[in-house]
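Hi,

Here is the structure I promised to pass on. My notes on its salt bridges follow below.

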Amino acid sequence: MKQLLIEAEQLGMMGSWELIHASGELLWSLGTHRVFGIAPTITPDYALFLSCVHPDERERVDQAYRSSVATGQAYDMRHRVVTPDGQLKVIQARATTSLDRQGKPLRSVGIVQDITALAETEQELARLAFTDPLTTLLNRQALMRELTRRCGDEPGEALALINLDLDGFQAFNDSFGVAAGDRLLVALAARLRDQLPADALIARLESDEFLVVIPAAFEQMASWVDSIQALVGALNADPLQQSLAPTASVGASHFPTHGHDPIALVQSANTALMEAKRRAKQGRCLYSAAISERIHQQLSLEADLQQAIKHQDFHLVFQAQVGRDGALLGAEVLLRWRHPQGHLVPPGVFIPLAEQSGQIAAITDWVLDAACAQVVQWQQKNLQVPRLAINLSAALLGVAHRQLDQVFLATLARYRLDPSAFELEITETALLQHLEVSRNQLIALLEAGFQLAIDDFGTGYASLLTLRVLPATTIKIDGSFVQRMQRDPVDLAIVRRSIQLIHDLGMVALAEGVENEQQQNALLEMGCDGFQGYLFQRPMPAEQFAEHLVALRSA
């Protein structure tokens, strides 16, 4: 039986011991000698045992043992030992003490087990659980754990939380491949680790998004944001050794200025990052309550817009477009939305929101459907309906898989209307954002029978080649130039040269924002073909515009 116990201890990498308190005799099994690396020929005592314990843990182990002897309570603890040959081990130690009726210790027995391999496995699993596998930085879980600890310290060191995201990372991946993108992220991680202070926390949250936590006063945040953006910009990102320096958008929050909750602080930094990305490439933003309030209002308005689309809480108005002789050439269809609280929401507010939230397609479909229905009503009243111009969003032009010509033709077919009765207006900026897709889609719309116009001309910096290859029939000169040309010779020259260029390209020039006769006369002198603005007509509801058509028929 004794031999069986010896073999069992050897297999379990464990040993047992017994201490008789009256005599002070300490007995170690062979397994215990093996665990501590002490030769069986050496007689053990408590001092020998304690000398084997790692110096950093010796006091803790001694206190646990003495407390157990004094109270009779068992102890179960993990600690490190150092063998005489310098080997570091992790052991699991368990012991209990029996007391007599007077509470004096009689006998202590215990076991020790070498769990070094288990501890190393647990440590590796913990490393994997709390480390980003690509960059070896902290992951989100590890960051939150450490941030919670730092924010909970008393009195608590001031911290800057800096959230950064690489600009155009997806385009970089598409151009050079995922492996090159990974190398860029690893290089960025190394630069941040090498250049930032040793007490900074650096984590990769996801993809190309990183979070840095640096001890800093609130007044130092802007400086740290600049420094981190500079670190990113100094990185040579191109695996082909070409000159390509990445940029980053950065948002930051501060502890304790912006709160004490680590989750809320990280969210605030991310909110600031989203605001920075909204502003521009390589944007930067320090969190403020006003940003959260604006986002809250935007989300609320987005929800209201979704309900407006569901319940079709929109209406159309129409603004006339006239020729050089004053005759009606057409009318632009403009969308209006009256909020449930009673006020009109400007199109400049809800249209960009619809584009960002992906709701613009549904709104455009509704506008075209409502415009077709209105044309049919006017026709049933024997009114001469002019060509209607409908605005086409840049967001729709960027969706290559949506066959706009087929979608629009299907709507017109339900009302038995011809595409030539409609002109689609596309802003110059929209064309530049998605030139190739835009060109293909616009050619398909032109071939389907729609007329096409470029809106807001002069504001998008389109090249002459862009104008040459796009199949537009009309170009609308932006009203801002028209309204300034009487007091600014530069704007006057821009309008004059624009009209000349439009005519040279064989297109029709239509000026927007015409508000007085002086502007009209100047445009007539320059040869402008058409006009739109308050001088001729303000946007009208359908019923009022119908009265205008009746008046034209009677004239």
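This is a predicted model, in which local features need pLDDT of at least 70, side-chain atom pairs count only at pLDDT 80 or more, and totals for chains, interfaces and linings use all residues. Residues are numbered from 1 along each chain as its sequence is written, and side-chain values use heavy atoms, leaving out hydrogens and water.

Let me begin with Arg94, which is partly exposed at 34% relative accessibility (buried means under 20% relative accessible area, exposed over 50%, partly exposed in between, with a 1.4 Å probe and protein chains only). Its salt-bridge partner is Asp76, with the closest N and O atoms 3.0 Å apart (a salt bridge is a side-chain nitrogen of Lys or Arg within 4 Å of a carboxyl oxygen of Asp or Glu). Asp76 sits in strand 3 (residues 75-82) and Arg94 in strand 4 (residues 88-99), so the pair ties together parts 18 residues apart in sequence. Helices (H or I, at least four residues) and strands (E, at least two) are DSSP runs, numbered from the N terminus. Asp76 is also partly exposed, at 48%.

The whole structure has 18 salt bridges. Another of them pairs Arg414 with Asp369, the closest N and O atoms being 2.6 Å apart. Here helix 15 (residues 404-415) is linked to helix 13 (residues 360-380), across 45 residues. Arg414 is exposed at 55%, while Asp369 is partly exposed at 21%.

Finally, Glu423 bridges to Arg387 at 3.8 Å between the closest N and O atoms, and Glu423 is buried, at 1% relative accessibility.

Happy viewing!
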